Amino acid sequence: MNFIIREYISILKEDGELDSLLADLLFEQGYTIKYKPEKGRQYGVDILAFKKEKQKVVEIRILTVKRDNITRSAWNGSVNAAKQSLEEILEVYLNKHLTQQEQKLPIRITLATNGVISQNLDLDWTSFKEKHSKDNIVIDFLGIDDITNQVKDDFLFDTLLDKENQALFRKTLAFMDLTDYQYHHYIQLLDALFDKAILRKRELQKLIRLIKLLLDLMFKWSDEVGNLKSAVTLSHITLLKTYNFLTKSNKLKLKYIQEEYFKIYSLSRLIAVDYYNKVNDHYFVEQSVQRYSKNHLEYGLRTWEELGLISILGHFELQQYWVYLQTKNKAGQEIFLRSLTDVNKSLTSFISKNSSLNYPLYDDHLIEFNLAMQFLRMYQKDDFCLNWIEKILISLHNQYRIKQLFPLFRPDYEKLVDIYFGKSKQKLESSMLLASILDWCVILDSEETYNKVVELVKLFDQKISIQTWYPTEDTVDICLAEGYCSKSGNVFSFKNIPSFKEYKNNIIELREKFVEAKEFKPYNLGMEVLHHIASFHHKQLPLPYLYHRFVK
């Protein structure tokens, strides 16, 4: 584990990564963080922390953080060099920003880096320390080996991660470059951690922070092995399993736990952004995903998965935009409005340039369809949405006419191949996809498109049962758990489609009758995107209220 932790620390950036880790370390060591890491420094200070005893400050800790080895140029080669930062702290910050009483306390000033001090600087460093050290001021160095050992000790790697759990984590890292890996080792690891969790405040905080650290480590590792998508999936697993554990143990209502969980949430969003930035150019190239697919069917399945990933990022950014809207932070609103615009362009381009997204192969593809439609509806892309629906209807008609193929109600790749190549015939069963398309015709207020669905259904001569699902009270506590819609809720089915007006009234009536989103904790915590992630990851139906609320 030492090697793994050391490698992780070595690739951290200075701003927002290494400094955040060091702040967490100080917290674990009993310090109160007064200045948290942020862009820019104040007279060389990256982190300011106090140690208290009986509510009184007894020690002051100041860190200036640098990346990589402290070479001669990094020591004294620019205004941001290590020596200049330390001198600013000693000559300006201590005198201007600490009270006279604080200046008399023990003060420890640390040069921290995820590297080492070059050997040819030993004399310079020793001379600097001797010159500036006083009775109450100590200057020291925190290098990569020191940080590695502190992370291992203070995050309780050996205590919380016993040999068996460490083996599971190493296996997770070892298989992360495989595109078909199901991450069962990591799932086992999380289950083991939660099974033996101590629910006292300090121990629970340490556990959640360890899980966040493990996710961050896997994030960096996935980038190194060239498979960032694995980090996206692992972030989904982490968010969902951690939420379910905290809900089951009745701890998510505690403010300090919400703060710790939000750190995992924020890291998951960052992972989604990183993945998007890496592959975004492909979204503007005609059928770009096809080159990574073995055949036409695999190309279709890959594009639907990618559609879900883009859409989830869109919902992450929507959530952030709403936060800044509620707090009236205009600078934040502008940042995320630009991000939303970028995601919208990518999503619409990806749909337009990949005709496979007009051909849903599984009924489950209603999940990705809904994710995309909800984002596009929020962005007021109604005309684009209707145009996409009409292309899907034409494709469903032609696919059934030519190959007798309709989206399979249960995913089965071998069965799909056999039907596609005429080796077997498909028995029409049920469709929730058609119900979802009908819903969106009503949401977009297009009776004309709605009637086209009615005409399509006539083609099947009442062989298909159209189904829709609604959550009930027993869904609330398991809303992010695996199989939540198969274990709870009610299913309604019909073969004869009612009129546009009647169907619209049915939606409004059912929306008012069944559990609304306000009953669900993720929605109340301002993390609506968790519902989308649960639907996408577990392949469960989306909560109807999240889009039925658009029906007026």
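This section describes selected residues, a sheet, the cysteines and the aromatic pairs of a predicted model.

Arg209 is placed in helix 11, which spans residues 201–224. The relative accessible area of Arg209 is 8%. Arg209 is therefore buried, as this value falls under 20%. Lys253 lies 44 residues from Arg209 in sequence. In space, the C-alpha atoms of Arg209 and Lys253 are 17 Å apart.

Asn136 is found in a loop. This loop runs between helix 6 (122–132) and strand 5 (137–142). The side chain of Asn136 reaches the backbone oxygen of Gln103 at a distance of 2.7 Å. Gln103 is also among the residues that Asn136 touches when residues up to four places away in sequence are not counted.

An open sheet is built from three strands in the order 6-7-8. The pairing in this sheet is mixed. Strand 6 (430–431) and strand 8 (490–494) form the edges, and each pairs on one side only. Strand 7 covers residues 465–470. Strand 7 and strand 8 pair in the antiparallel sense, over five bridges. Within this part of the sheet, Gln467 has Ser493 of strand 8 as its bridge partner. Helix 19 (residues 433–443) packs on the sheet. Helix 19 touches strand 6, strand 7 and strand 8. The direction of helix 19 makes about 70° with that of strand 7.

The cysteines were examined next. The structure holds zero disulfides. Cys385 is in no disulfide, and its nearest cysteine sulfur belongs to Cys441, 11 Å away. Cys441 is likewise in no disulfide, and its nearest cysteine sulfur is that of Cys385. Cys385 has 0% relative accessibility and so counts as buried. Cys441 also counts as buried, because its relative accessibility is 0%.

Aromatic rings were then considered. Across the whole structure, a search finds 28 aromatic pairs. One of them joins Phe375 and Tyr379. The ring centres of Phe375 and Tyr379 are 6.2 Å apart, and their planes stand at 15°. The pair is stacked because this angle is under 30 degrees. Phe375 has a relative accessible area of 1% and is therefore buried. Tyr379 has a relative accessible area of 23%, so Tyr379 is partly exposed.

A further pair is formed by Phe406 and Phe460. Here the ring centres are 4.8 Å apart and the planes are at 70°. This pair is edge-to-face because the angle is over 60 degrees. The pair links distant parts of the chain, with Phe406 and Phe460 lying 54 residues apart. Phe406 sits in the loop between helix 17 (382–403) and helix 18 (413–420). Phe460 sits in the loop between helix 20 (447–458) and strand 7. Both Phe406 and Phe460 are buried.

Ring pairs also link Trp75, Trp125, Phe128 and Phe141 into a cluster.

Technical notes: Residues are numbered from 1 along each chain as its sequence is written. This is a predicted model: local features need pLDDT of at least 70, side-chain atom pairs count only at pLDDT 80 or more; totals for chains, interfaces and linings use all residues. Side-chain values use heavy atoms; hydrogens and water are left out. Helices (H or I, at least four residues) and strands (E, at least two) are DSSP runs, numbered from the N terminus. Buried means under 20% relative accessible area, exposed over 50%, partly exposed in between (1.4 Å probe, protein chains only). A polar contact is a pair of N or O atoms within 3.5 Å; within protein, one must be able to donate a hydrogen and the other to accept it, and residues adjacent in sequence count only if both atoms are side-chain atoms. Contact means heavy atoms within 4.5 Å. A disulfide is a pair of cysteine sulfur atoms within 2.5 Å. Two strands pair if DSSP finds at least two bridges between them. Axes are lines fitted to C-alpha atoms, for helices over the stretch in contact, and angles run from 0 to 180 degrees between N-to-C directions. Rings of Phe, Tyr and Trp (its six-membered ring) pair if their centres lie within 6.5 Å; planes under 30 degrees apart count as stacked, over 60 as edge-to-face and the rest as tilted.
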